[in-house]
Structure formats: C-alpha cells, structure tokens
Amino acid sequence: MTFETCNLSITRDGVPVLEGIDLSLPPGGITAIIGPNGAGKSTLLHAMAGLLSPHAGAVRLNGRDLSGIQPGERARSLALLTQDQGVTARLTVADLIAFGRWPHHQGRPGHEDRAAVADAIETFDLGPLAARTLDALSGGQRQRAFVAMAYAQTTPWILLDEPLSALDPRYAHDIMRRLHDLSRTGPDARSVVIVVHDLGVTARFADRVIGLKDGKLFGAGETGDLMTSDWLTRLYDTPMEVAEVGGRKIPFAA
Amino acid sequence: MSRLFVAMGLVLLVGASLSIGVADLWAADIDAGLVMAVSRVPRTVAAVLAGAGLALAGVVVQLSVQNRLVEPSLTGTPEAAMLGLLGITLFAPGSALLVKMGVAAAAALVGTTGFFVLATRVPQRDPILLPLVGLIYGGILGAATLWLAWATDLVQYLGTWTSGEFSGVLRGRYEVLWLIAGLAGLLWLVADRITLLSLGESHARSLGLDYRATRLLGLVIVSLVVAAVVVTVGTLPFVGLVVPNIVSRLRGDNLRTNLPFIAGLGGALILAADVLGRVVRYPYEIPAGTVFSVFGAAAFLWLLNAPRRPAHG
C-alpha cells in the first residue's frame with residue numbers, strides 16, 4: 001500500500017497553505033514530517049487523512065484517489081491522531097480505545113473488535129489504567145491511550161500529529177519505541193507517518209524524513225541521507241549542527 | 001447498584017405523585033379512576049418525560065460542543081421555541097397543538113444552530129466562557145420575544161411557557177410529550193455517534209463519522225425535545241445541566257451506557273420537584289420549575305466550585 005500525494009495544494013480562506021507537494025511513501029517504517037512552525041506539517045497530515053479537500057492535485061492510497069473513498073472505508077485504511085484532542089468527555093481508557101474500532105463495527109462490536117481492543121491495551125501497557133477516565137490520567141498516559149486508540153483502528157497507515165508534544169523524554173521515547181516496533185513486525189507492519197518537532201527523536205526513530213518549508217516540499221528521503229547540518233540549517237534558517245555521540249547522530253541548534 | 005437506586009427512586013416518586021393531590025381519592029363522591037386517568041397519571045407521565053427529555057437534550061448539547069457547562073436553556077433553545085410559538089399564536093392562533101409544536105421546534109432548531117455557530121468562534125480555553133455567551137445569546141432572544149409579546153399583548157402566554165409547571169397537565173393536553181420517548185429510543189440507536197462528537201471534529205471525521213450530519217441530528221433531537229416541553233408544560237432550566245453532570249461524575253461519559261441513567265434521573269428529579277411543589281404549600285402549588293431551580297442552581301454552583309481538573313505529569 002503506497003501513499004502518494006500528487007501536486008497537492010491546499011488553500012485556507014483563499015490563502016495557499018500547501019503548494020505542489022509530490023510524495024511517494026512506501027509501506028512500512030516511520031516517516032517523520034519536520035519543518036519550521038507554520039510550514040504546513042499538520043495541514044499535510046490532515047490532507048493525507050482525507051479531511052481536507054485539495055485545491056489542486058490529489059492524495060492517493062494504493063493508486064486510489066482518497067476523495068473518492070467513502071469515509072467508513074477510509075477510516076479502515078488510515079487512522080489519524082490529531083494534535084490537541086481537547087477531549088473533555090470523561091471516557092474510560094477502555095471505552096476510548098474501543099471507539100477506535102468504530103469504523104469496523106459502527107456500534108455493534110464483535111469478537112474481533114474486542115480482541116483488537118485487548119491487544120491495543122496490552123501493546124501499550126494500559127491494563128492498569130483501562131478503567132480510569134481520561135481526566136484522571138497524566139499527560140503521558142493520556143497520550144499513550146490516544147495512540148493506542150489509533151492502533152486499535154487496525155489500519156495499514158497511522159498518521160500522528162505531534163503525539164510527543166508536552167511529553168518528557170521518557171514518555172516520548174517510550175511511545176516512539178512502540179511505534180518503531182509496530183512499523184516493522186512482518187506482514188502486519190503498520191506504516192507510521194508522524195509530525196514531530198524533536199529532531200533527536202526523528203534522527204533516532206524515523207526511517208524517512210519529509211522536510212516542509214513555507215508550504216512547499218523542501219526535501220524527502222532517507223533519514224541518514226538528509227539529516228545533515230547543511231540541510232537542517234537551510235530548512236530551519238538557523239545554524240544547525242549534527243553531533244555524533246556513541247555512533248548516534250544528534251541534531252541540535254548551534 | 002446505582003441502577004437499582006434510580007429505578008427504586010423513580011417507582012417511589014411515581015407512587016407518591018399518583019397519590020398526592022387536592023382531590024381525596026378515598027372520598028365517596030369522587031371517581032378515583034377518573035381522577036387518575038384524566039389528571040394524576042398524565043401529570044406523572046408528563047413530569048417524567050419532560051425531565052428525561054431535557055436531561056437527554058442537555059447531554060447531547062454538551063457532547064456536541066465539548067463543554068459540560070451548557071444545556072438547552074443556555075443555548076437560546078427555549079427562547080427561540082417561544083419566539084416561534086409567539087409567531088404562530090399571532091398569525092394562526094387556532095392551530096392544532098402539533099402544528100404549534102412543529103413551528104416551535106423549527107424555531108428552536110434555527111436558534112440552537114445560531115448558538116452552535118457562535119460556539120465554534122468562542123475559544124475553548126476557558127470552559128465558562130461558552131455558557132456565558134449562551135446566557136447572553138438566550139437573553140437577547142428572550143428580550144426580543146418579550147418585546148414582541150408586549151407589543152402584541154401576549155405577555156400572559158409567555159408566562160405559561162417560561163415557568164415549567166404541571167398543574168395544567170390533563171389527558172388530551174400532554175400527549176405530545178410521548179414524542180420524547182421515541183426520541184430517547186432514537187438517541188439510544190445513535191448514542192455512539194453522539195459520544196464520538198465529543199472527540200472533536202477532526203478526530204470524529206477521521207473515524208469515518210459524518211460529523212455535520214450527526215451534529216444536525218443532535219440539534220434536531222434537542223430542538224424537538226425542548227419544543228415539546230415548552231409547548232406542554234413550559235421550560236425547566238438546569239435539568240439538562242445538572243443531571244448529565246451528576247451521571248458523568250459517577251459513571252463517565254459513554255452515552256450508550258449512561259442513557260437510561262440520565263433519562264431516569266432527569267425524570268425522577270423533575271417528578272420529585274413536582275411532588276414537592278404540591279405538598280409544600282398544600283393545597284396550593286409551587287411550579288416544579290421553581291422548585292427544581294432552587295436545587296439546580298445550588299448543584300450548578302457546586303459543579304463550578306468542584307471542577308475535576310485533569311492531572312498533568
């Protein structure tokens with residue numbers, strides 16, 4: 001299942017937010033979308049999730065134009081975790097994750113749905129928290145619950161909009177490690193696309209990187225090839241260095 | 001446990017409601033069966049249906065706009081319904097009750113849609129902002145309604161719609177409220193969709209939900225409930241606010257499993273208010289809406305002062 005955008009342009013209130021984005025993502029692995037604030041990262045992710053209708057161009061999943069796919073079917077092909085859930089509803093973790101199965105059962109959960117929920121709870125270590133309501137969780141636990149919900153949707157593609165914001169390094173790495181494992185476990189490997197600000201996390205976990213700047217594609221390719229001090233300096237318009245510590249590349253603002 | 005509690009409370013209240021009244025059912029010159037069939041049973045049923053309906057309308061509004069401090073009386077809904085009623089009373093005073101209710105529901109739908117449009121522009125940071133905006137919005141609609149009523153000499157009518165009370169409920173004049181039972185059934189069928197609304201637009205849509213259609217369905221249900229209640233017994237503020245919040249604190253916010261509790265508790269509390277209103281100054285009556293407002297206002301203050309803040313870490 002390849003994910004492509006062809007000459008994708010999005011406008012908001014007549015103002016172009018994304019222009020002429022051409023991408024082709026092979027299945028599997030983690031793809032990180034990086035770039036300065038306001039570059040259009042979230043917009044790209046929402047467009048890829050089929051929630052924004054393109055001004056020009058198209059998003060194609062396996063060669064099919066996303067705008068021609070019914071919302072229900074689309075929700076079984078890709079899951080989106082939005083940036084700030086702002087959810088005030090006091091749902092339990094188990095209920096929240098169960099709602100991830102909604103595209104599959106539309107209100108009548110079967111055996112398979114319950115199994116998927118149990119699997120998500122186990123995969124993200126949420127067993128002890130399953131009966132707790134969202135407002136009784138810490139930021140990290142809450143974020144893990146939402147990622148588990150997207151996972152339970154059992155879609156080939158998972159799109160995550162800054163799932164690591166407001167998380168301390170331990171939680172951030174914990175979530176990334178789990179996503180990393182999911183994205184390479186044989187035939188059921190999930191393909192993960194993630195908007196992320198932390199370049200250290202990107203360098204460590206992402207297989208591919210998409211750089212966006214001013215609504216245009218700045219570059220896309222293998223993480224190791226792109227994440228150089230020169231490329232990052234031009235992407236962020238600020239001096240960037242890449243240090244090597246213990247064989248690991250760590251980008252930072254110089 | 002809580003299920004049993006609500007059910008038992010409701011049964012006790014129904015018993016009390018059926019046996020309390022000015023007419024002495026055991027007096028020799030009174031046809032007890034007739035009093036029951038014409039007055040007591042309709043009155044009891046009306047209180048339960050109105051309370052259940054408004055409580056459900058409250059939770060639908062709360063989940064739709066992701067704010068638990070709003071309810072139909074803070075979204076301009078009853079004021080808009082009254083404006084519609086006033087209009088039909090002016091232009092076609094002889095219309096059937098069902099026609100009047102239809103007009104009131106349509107007006108309520110327009111008024112509530114106006115609030116939903118406002119709600120998308122109010123920042124969500126401070127949850128108290130939206131109810132305040134709704135209060136002002138409802139106040140403006142209410143002022144327009146009052147002015148129109150004053151200019152056309154219909155202020156007395158307005159009085160019967162603004163204070164919810166059940167003393168006028170008789171057989172043949174409350175049956176519209178049964179619509180609420182049907183709407184509650186419909187709501188149960190779409191409960192998951194309404195709960196999904198509370199995840200916000202992007203998230204709900206990414207799960208394949210038709211967000212706009214679902215919100216519209218919620219709006220239609222709320223408008224029909226409020227219109228049915230306003231037309232038959234008059235508005236009852238706070239029910240839609242207090243009941244879903246109490247249930248939410250006890251059981252979380254999954255509408256599918258909460259629906260019977262919200263309906264049951266709403267019905268029970270309004271029936272309790274009506275029974276209380278009948279006995280406090282016996283043989284005179286205090287409107288159920290007034291009695292409930294005392295409890296509702298206190299409960300609202302408690303909700304404001306005891307917020308459950310999410311833990312951070």
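1. A salt bridge here is a side-chain nitrogen of Lys or Arg within 4 Å of a carboxyl oxygen of Asp or Glu. Between chain A and chain B the count of salt bridges is zero.

2. The model is predicted, with local features needing pLDDT of at least 70 and side-chain atom pairs counting only at pLDDT 80 or more, while totals for chains, interfaces and linings use all residues. Residues are numbered from 1 along each chain as its sequence is written, chains are lettered from A in the order in which they are written, and side-chain values use heavy atoms, leaving out hydrogens and water.

3. Six residue pairs, both at pLDDT 80 or more, are in polar contact between chain A and chain B. A polar contact is a pair of N or O atoms within 3.5 Å; within protein, one must be able to donate a hydrogen and the other to accept it, and residues adjacent in sequence count only if both atoms are side-chain atoms.

4. Contact (heavy atoms within 4.5 Å) involves 34 residues from chain A and 29 residues from chain B. A:Arg90, A:Phe99 and A:Trp102 supply 28% of the area that chain A buries against chain B, more than any other three residues. Buried area is the accessible area (1.4 Å probe) that two parts lose on being put together, summed over both.

5. A:Met149 is buried, with a relative accessible area of 2%; buried means under 20%, for protein chains only, with a 1.4 Å probe. Beyond residues up to four places away in sequence, A:Met149 touches residues of both chains, including A:Phe99 and B:Leu199. A:Ile97 is 52 residues from A:Met149 in sequence, yet 4.1 Å away in space, C-alpha to C-alpha.

Methods
Buried means under 20% relative accessible area, exposed over 50%, partly exposed in between (1.4 Å probe, protein chains only).
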